[in-house]
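Hello,

Here is the structure I promised to pass on. Please load it first; my notes follow below.

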Protein chains: 2
Amino acid sequence: MSDATTAPARRPRGRPGHDRDSVLRVAIDLFNRRGYDATSIGDLAKELGVTKSAIYHHFDSKESILEAALDEALEEISRVVETASAGDGDAYARLRATVEASVGILAAHLPAVTLLLRVRGNSELEQRALAQRRHIDAQLATLVRDAAAEGSLRDDVDPDMISRLVFGMVNSLVEWFRPEGPIDASSLARTVADVVFDGLRS
Amino acid sequence: MSDATTAPARRPRGRPGHDRDSVLRVAIDLFNRRGYDATSIGDLAKELGVTKSAIYHHFDSKESILEAALDEALEEISRVVETASAGDGDAYARLRATVEASVGILAAHLPAVTLLLRVRGNSELEQRALAQRRHIDAQLATLVRDAAAEGSLRDDVDPDMISRLVFGMVNSLVEWFRPEGPIDASSLARTVADVVFDGLRS
């Protein structure tokens, strides 16, 4: 909002008061609440209290808002997984660090990650996001396979299935974790890693 | 479809060929693919190749179809959790059996469970389903608490969080498990229980 105050001349259309990022935040929340397909630019304009053209000042289309949201989530996750995959040495330590970092990203980008996890492939953009998720899943499965090969993980469960179960647990956090709630993201990350690697039994 | 063949006089309206259950199956799949709110009775009639009145022969409204689907999932899960909660003796064994049985229900009722997990509370019916889910979650958390109290589970993680993490992993199976695929539901159930109770480390 600060640039609307300092440089109102840059935004000739619509009511000022929303910069690109704040439009994106409100759009992601609205998409998560009502569903992307069921939400129009008109709905978003109403929610923001601006005209549609004020939104088109920042984004070409509804889809370009979705693209920005999905990119936000995918870029963060990709960065962590690339780093872990490229590292050498102890695959177990890299896998454990990746699980913890994934929880951290989910907590820091909860609305964007929630939106990403709900994408069903209804457009070319959504198909592309699903392909990127599959690429990330394959990298994670390789990391699990490397940890199993070095003897750090149990060898009676298929590495692909381990990867799905572990990151299924991580992804399920979007259903109940709230950054403003009583649970701290970094202690949650450690707990998730403790449970999946060491098990629940005393 | 057999009753349409043997007793066509019972179904005077619309094209015969779909009994109540087959209408329900197709509706659940359509709701999962397009979203419940975005799907109309007209869409469902088109998908089934019947008139809308053929659907109203079996269901009063779109919402009564959703209700039947949510009841299918909730009744199965409630039955398992009630049985486990009411049992006496070893809480750890009852909890482990509940985790395995939950995977079994998810596999046997995958479309209905998928629909249940996507409910966001957009109507009184959806709010009621969410309240039932919360009741089930509370029973599961009690079971986890009992297992921790008898000393079977690690005591450094809050029982409510354990319950959320474990059943979050179970629920995440709807994203990739397919009953017609290569993985057998009962071996998947054992694997999930092995991973969460015994951990991944060798």
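I started with the burial pattern in helix H8 of chain A. A:Leu125, A:Glu126, A:Ala129, A:Leu130, A:Ile136, A:Gln139, A:Leu140, A:Ala141, A:Leu143, A:Val144 and A:Ala147 are the buried residues in H8(A). Keep in mind that this is a predicted model.

What do those buried residues pack against? Their partners in chain A are helix H5 (62-86), helix H6 (91-108), helix H7 (110-118) and helix H9 (159-172).

The length of H8(A) checks out. It covers residues 124-149, which is 26 residues, so at 1.5 Å a residue it should span 38 Å; the end C-alpha atoms are 37 Å apart, in agreement. Just past H8(A), A:Gly151 has a positive phi of about 90°.

Next, the pairing of H5(A) with H8(A). Their axes come within 10 Å and cross at roughly 15°. Angles under 35 degrees count as roughly parallel, so H5(A) and H8(A) are roughly parallel to each other. The crossing is left-handed. On the H5(A) side, the contact residues include A:Leu66, A:Leu70, A:Leu74, A:Ile77 and A:Val81. On the H8(A) side, they include A:Arg128, A:Gln132, A:Arg133, A:His135 and A:Ile136. By class, this contact has eleven nonpolar, five polar and six charged residues.

Now chain B. Helix H2 (residues 20-34) packs on helix H7 (residues 110-118) at an angle of about 45°, and the axes are 9 Å apart. That angle makes H2(B) oblique to H7(B). Here the crossing is left-handed. From H2(B), the residues in contact are B:Ile28, B:Asp29, B:Phe31 and B:Asn32. They meet B:Pro111, B:Ala112, B:Thr114, B:Leu115 and B:Arg118 of H7(B). The classes in this contact are five nonpolar, two polar and two charged.

One loop residue is worth a look. B:Phe59 lies between helix H4 (52-56) and helix H5 (62-86) of chain B. Is B:Phe59 buried or exposed? Its relative accessibility is 2%. The cut-off for buried is under 20%, so B:Phe59 counts as buried.

Which residues does B:Phe59 touch, leaving aside neighbours within four places in sequence? B:Arg20, B:Val23, B:Leu24, B:Ser64, B:Ile65 and B:Ala68 are in contact with B:Phe59. B:Arg20 is 39 residues from B:Phe59 along the chain, yet their C-alpha atoms are separated by 8.0 Å.

Best wishes

Notes: Residues are numbered from 1 along each chain as its sequence is written. Chains are lettered from A and ligands numbered from 1 in the order in which they are written. This is a predicted model: local features need pLDDT of at least 70, side-chain atom pairs count only at pLDDT 80 or more; totals for chains, interfaces and linings use all residues. Side-chain values use heavy atoms; hydrogens and water are left out. Helices (H or I, at least four residues) and strands (E, at least two) are DSSP runs, numbered from the N terminus. The expected span of a helix is 1.5 Å times one less than its number of residues. Buried means under 20% relative accessible area, exposed over 50%, partly exposed in between (1.4 Å probe, protein chains only). Contact means heavy atoms within 4.5 Å. Axes are lines fitted to C-alpha atoms, for helices over the stretch in contact, and angles run from 0 to 180 degrees between N-to-C directions. Angles under 35 degrees count as roughly parallel, over 145 as roughly antiparallel, 65 to 115 as roughly perpendicular and the rest as oblique. A crossing is left-handed if the near helix is turned anticlockwise from the far one by less than a right angle, and right-handed if clockwise. Ala, Val, Leu, Ile, Met, Phe, Trp, Tyr, Cys and Pro count as nonpolar, Asp, Glu, Lys and Arg as charged, and the others, Gly among them, as polar.
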